[in-house]
Amino acid sequence: MATVAEQFIEVLRQAGVERIYGVVGDSLNPVVDAIRKAGGIEWIHVQNEEAGAFAASAEAQVTGRLAVCAGSCGPGNTHLLQGLYDAHRSGAPVLALASHIPSAQIGTGFFQETHPGRLFVECSHFCDMISTPEQMPRVLRTAVQQAIGLGGVSVVVLPGDVAELSAVHPAGEHDFLTTTGTVVPPADQVAELAAALNRAEKVMLFCGAGTRHARDEVMALAGRVLAPVGHALRGKEWIQYDNPYDVGMSGLLGYGACHEAMHDADLVVLAGTDFPYDDFLPGARTIQIDHDAGRLGRRTPLELAVHGDVGATIRAVLPHVAQKTDRRHLDKTLRKHLKVLENVVEAYTHDIEHHLPIHPEYVANLIDELAADDAVFTVDTGMCCVWAARYLSPNGRRRVIGSFVHGSMANALPQAVGAQFADRRRQVVSLSGDGGLAMLLGELLTVRQHDLPVKTVVFNNSSLGMVKLEMMVEGMPDFGTDHAPVDYAAIAGAAGIGALRVENPSDVREALATAFATPGPFLLDVVTDPDVLAMPPSVSGAQVKGFALAASKIVLNGGVGRMIDMAKANLRNIPLP
């Protein structure tokens, strides 16, 4: 008879799981041994369980399938927390195995005792313990289905001694639901939406990650109502490319005319976005479309709440929406968008190829130019998010993954590990800040151990750049944000990873080309300007804080790479009077 641990692995195999990320040890050993004996599922050793959770999150986001991580009792599974929070808030289907102390010792203050059943509740849809063999395989299958069906994390707690017991029920076979249905809005909501769109003279569409499978529908609606189309950061990769109505992105990392278009409109449609920064929303004249009814209206008051997938909703409403003919709002916004980009781009591109220290914008722009058309970019929190938002050009095949909802440091490299395991042939580029890389530096050893061809580009400014900016925005002198220079190329080289350090902008292009062309892992350590995006002293903290005014003010509207070319192309398409 199989053990509970062996049955656990069999159920995961049936669910299509190919690997488990974690660190072996004590209470987890029976499960790891079951992996060894079963075959068909890899055990992926990472240096820190936190990285294993981030890796599983990225794998799930790239593949759309369940990914798994594990931690041994006590500290082993508490390390999982950061990555699981990120996975859950990103909607990534991840199962975490939190092994536990011997069941007879639970509640006695035993060595390494924690309460994982309490610990993971906030970052999971499902969190419960298998305390007897009789609960298998039902509880595990329930956990798997919760993660897949709801999109997010399930945590199964398993004491090590229970894992070694003989299974009672056969594993059998089971068909897991892997594709969820489409949410179609009620007819009355469709009618109200059509009426609102027909009444409004100036419509604006603001799109998020929920437009992933609705790009064609969004473009059709924009063309019908002649609406400018803006996006949140997580909507960028799905809606920005080849978009004749594009007016950029809103929020502190935003650029272009998105904010103005939103506030100038008679009606704003939030399509598949849970954009959290309500200060940037008009606070009125707003309709929200979302497949998750719990998100409707939690950011801003709504004129109409529509419960449905974005694509299904637009397909239902489009036949009832009249073709608008007045392009003044759209054309005015497109002209404004180009003007904003032209006004700021000079400050970020003039003589940039010769500027010392190296402009990080220049590096990001070259990464965008030289990377593969189907590359996966993983992006550290902080200034790397700025460069990703402004410079990485989506095309429908590239992916951009980061801790965009949870905002955790150190996510990029471990997420690159998971994305690369998902497909070793696909180019994976980690845009790592030196602060983030330092936090989980040991994962360079994971990359080397598994010979993953991850390309790590370190924006090395010896500073926590975003924190420095936050302090200055608040009117504080930056303090505690800078640290001594570190040669990350030397560290990578010592770990057996190909590496180059670049300090001169004239060397960046060739170094990136070398990194991308080199088989196996490679780290490019680029010494960049720590003062980029620092607020000018003449702008007071009070001015900025009031409406992140400038988050706007040219400083955060800065360089936008090839997006200015698209803005010019869109203007050329405006019909002549």
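Trainee: Which strands does helix 2 lie across, and at about what angle does helix 2 run to strand 2?

Mentor: Helix 2, residues 29–38, lies across strand 1, strand 2, strand 4 (94–100) and strand 6 (153–159), and its direction makes about 130° with strand 2. Please keep in mind throughout that this is a predicted model. Helix 7 (residues 138–150) also packs on the sheet, where it touches strand 4, strand 5 and strand 6 and runs at about 160° to strand 6.

Trainee: In what order do the strands of that open sheet stand?

Mentor: The six strands follow the order 2-1-3-4-6-5, and their pairing is parallel. Strand 2 (42–45) and strand 5 (126–129) have a single partner strand each, so one side of each is left without a neighbour in the sheet, and these two stand at the edges. On average, neighbouring strands here are turned by 20° against each other, with direction ignored. To look at one pair, take strand 1 (residues 19–22), which is joined to strand 2 by four bridges in the parallel sense, with Ile20 opposite Trp43 of strand 2.

Trainee: Where is Asn411 found, and is Asn411 buried or exposed?

Mentor: Asn411 belongs to the loop between strand 14 (399–402) and helix 17 (412–422). To judge burial, one compares the relative accessible area with a cut-off of 20%; Asn411 has 0%, and therefore counts as buried. A polar atom of the Asn411 side chain lies 2.8 Å from the backbone oxygen of Val379, while the side chain of Asn411 also makes a polar contact of 2.9 Å with that of Gln415. Leaving aside residues up to four places away in sequence, Asn411 touches Phe54, Val379, Asp380, Thr381, Gly402 and Ser403.

Trainee: At what angle do helix 15 and helix 22 pack?

Mentor: Helix 15 (residues 360–370) and helix 22 (residues 508–517) pack at about 45°, and their axes are 10 Å apart. That angle is why helix 15 is called oblique to helix 22, and their crossing is right-handed. Residues making this contact include Leu366 and Leu370 of helix 15 and Leu512 and Phe516 of helix 22. Helix 15 is largely enclosed by the rest of the structure, because eight of its 11 residues are buried, among them Tyr362, Val363 and Ile367.

Trainee: Which helix holds Thr313, and which backbone oxygen does the side chain of Thr313 reach?

Mentor: Thr313 sits in helix 13 (residues 310–317), and its side chain reaches the backbone oxygen of Asp309 at 2.8 Å. With 1% relative accessibility, Thr313 is buried. When residues up to four places away in sequence are not counted, Thr313 touches Pro185, Leu193, Ile289, Val306 and Gly308. The C-alpha atoms of Thr313 and Ala214 are 9.6 Å from each other, although 99 residues separate the two along the chain.

Notes. Residues are numbered from 1 along each chain as its sequence is written. This is a predicted model: local features need pLDDT of at least 70, side-chain atom pairs count only at pLDDT 80 or more; totals for chains, interfaces and linings use all residues. Side-chain values use heavy atoms; hydrogens and water are left out. Buried means under 20% relative accessible area, exposed over 50%, partly exposed in between (1.4 Å probe, protein chains only). A polar contact is a pair of N or O atoms within 3.5 Å; within protein, one must be able to donate a hydrogen and the other to accept it, and residues adjacent in sequence count only if both atoms are side-chain atoms. Contact means heavy atoms within 4.5 Å. Two strands pair if DSSP finds at least two bridges between them. Axes are lines fitted to C-alpha atoms, for helices over the stretch in contact, and angles run from 0 to 180 degrees between N-to-C directions. Angles under 35 degrees count as roughly parallel, over 145 as roughly antiparallel, 65 to 115 as roughly perpendicular and the rest as oblique. A crossing is left-handed if the near helix is turned anticlockwise from the far one by less than a right angle, and right-handed if clockwise.
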